[in-house]
Amino acid sequence: MTLAKPGQSHGHAGRAVAGAPTIVDPRWFVFLQVSASGSLSRAAAALDMPQSMVSRHIAQLEQQCGERLFRRTGRGVILTEFGEQMLPRVTRLAAEADALADDIRSARGQPAGEVLLGLLPSAVNHYAGPLFAAVRAQLPAVRLHLTEAASAQLEEHLREGRLDMAVVLKEDEASIGDCHVLARVPLHLVGPRGDAVVANGDVPLAALTGLPLVVPGRPHLLRARLDRLASEHGVALQAAVEVDSVRLQYEVVAAGGGYAIASVLPGKLDARLASSRIVDPVLERFVVLADSPRRPQTRATRAVRRLVSAVADALEASHRIST
């Protein structure tokens, strides 16, 4: 956030920068975070401030308004009718205030401020170093804050406004929406090195019938896609072991527990393993850059977005050369 913060925070209530103007009472950003989180404790975690401080800010706003903003439930808090009326107006005001503060801070033509970017574990090795170096060289007034998490968790952080943008996975083109596609990665069948099933470059989807598979548990998006494909193509997929982490799947496969289905980049597979691309049909996943619907775009976020795309293009070019 480009406004003064009510407490130490990397959340929506307080990406403060020295000298940035306080355009809106920062407590209203706490209100927005509590509304998005549905819980004082989750909002406190997102804002990196004590829950007591979150409660105090909300109580002060309610006292000033003369109306309750939230109602407590067994699972957290929900907006009152008055809070529902305030939410869209405060959201618009916060976005306008952020944009104005960003323009003021960047008046000299150099993007400035903090940008919160989430990365998939599989993307860390490819993006973190080159992106950090590019931001340091080209955007000296931008502070890059990186977070690593699984795709589903990153999506949740985006919805809650805890990140500006994130590199996440989409299972099919229909789910991409407005996201920017960074790469298309085919799904592979992964098995122990030397195993006959993965000895060739490609393996038909039908050949997976009856194989012991090491797959994520439901309701994982990849598992849902595999279930749908099995039904559409008449393939009997056998889930021998359910493991959500790709790293753990690989360990189970290396120990002889079955075969994993995962996105595999050229030359990046564990030396104990081998893989074959799944064909008939070819199955692709999409690595995309997704934006938070709850955070405004600033000159800094737009500049970092361009650099993420440039890093992705360089990676794609290097993969084409290596293959």
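Visitor: Before we count anything, what is a salt bridge here, and how many does the structure hold?
Guide: A salt bridge is a side-chain nitrogen of Lys or Arg within 4 Å of a carboxyl oxygen of Asp or Glu. Bear in mind that this is a predicted model. Going by that cut-off, the number of salt bridges in the structure is 16.

Visitor: Okay, what kind of chain are they sitting in: how many helices and strands does the chain have?
Guide: We're looking at 323 residues, and 49% of them count as buried. As for secondary structure, the chain has nine helices and 12 strands.

Visitor: Take Glu 62 and Arg 68, whose side chains meet in a salt bridge. Which of the two counts as buried?
Guide: The pair meets at 3.4 Å, N to O. Arg 68 has 51% relative accessibility, and since exposed means over 50%, Arg 68 counts as exposed. Buried means under 20%. At 13%, the one that counts as buried is Glu 62.

Visitor: And Glu 171 with Arg 225: how many residues apart in sequence are the parts that this pair ties together?
Guide: Their side chains meet in a salt bridge at 3.3 Å, N to O. Glu 171 lies in the loop between strand E5 (165–170) and strand E6 (180–192), while Arg 225 is in helix H7 (residues 221–233), so the parts they tie together are apart in sequence by 54 residues.

Visitor: Which strands are linked by the salt bridge between Arg 277 and Asp 202?
Guide: Those side chains meet at 3.2 Å, N to O. The pair links distant parts of the chain, 75 residues apart. Arg 277 is in residues 273–279 and Asp 202 in residues 202–204, which makes the strands E11 and E7.

Visitor: How do Arg 277 and Asp 202 count for accessibility?
Guide: Arg 277 has a relative accessible area of 30%, and Asp 202 has 38%.

Visitor: Which residues do salt bridges with shared partners join into one network?
Guide: Here the salt bridges share partners, and the network they make takes in Arg 218, Arg 223, Asp 227 and Glu 242.

Note on methods:
Residues are numbered from 1 along each chain as its sequence is written. This is a predicted model: local features need pLDDT of at least 70, side-chain atom pairs count only at pLDDT 80 or more; totals for chains, interfaces and linings use all residues. Side-chain values use heavy atoms; hydrogens and water are left out. Buried means under 20% relative accessible area, exposed over 50%, partly exposed in between (1.4 Å probe, protein chains only). Helices (H or I, at least four residues) and strands (E, at least two) are DSSP runs, numbered from the N terminus.
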